[in-house]
Amino acid sequence: MNEKKDYKVVILDGFTDKEISQIVKTLKDMFRGRDIIFSRPTFHTKTWTVEKLINVLHQEIEEHKEKEMEKSAKSRKN
C-alpha cells in the first residue's frame, strides 16, 4: 500500500435497507467504473470521527483488494 487511493466515500446513516439499496444502485450507475466506498455506521464506528472512519475504510478496501489479487494469482498458478 504505497500510494493512497482517492476513493469516494458515501456514509449512509438513518436510511432503511430498501432506501440504502436504491441509493447504492443509483450511485453505482452514475459513477460506473469509479471507486466508491459505501458505509453504514455501526454501534462501534458511530463514536469515531469522520476522518478516522474514512481512513479505516480506505485501509480495509486496500487490504481486501490485495487479498483478492493474491487469490487470483494463486488460482492462475493452479
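Reader: How many salt bridges does the count come to here?

Author: Six salt bridges, where a salt bridge is a side-chain nitrogen of Lys or Arg within 4 Å of a carboxyl oxygen of Asp or Glu. This is a predicted model, in which local features need pLDDT of at least 70, side-chain atom pairs count only at pLDDT 80 or more, and totals for chains, interfaces and linings use all residues. Residues are numbered from 1 along each chain as its sequence is written, and side-chain values use heavy atoms, leaving out hydrogens and water.

Reader: Ok, which residue does Lys-46 form a salt bridge with?

Author: Asp-13, with the closest N and O atoms 3.4 Å apart. Lys-46 sits in the loop between strand S2 (36-39) and helix H2 (50-77), and Asp-13 in the loop between strand S1 (8-11) and helix H1 (17-30), so the pair ties together parts 33 residues apart in sequence. Helices (H or I, at least four residues) and strands (E, at least two) are DSSP runs, numbered from the N terminus.

Reader: And is Lys-46 buried or exposed?

Author: Exposed, at 51% relative accessible area, while Asp-13 is partly exposed at 45%. Buried means under 20% relative accessible area, exposed over 50%, and partly exposed in between (1.4 Å probe, protein chains only).

Reader: Switching to helix H1: how far apart are Lys-25 and Asp-29 there?

Author: They're four residues apart, about one helical turn. Their salt bridge has its closest N and O atoms 3.1 Å apart.
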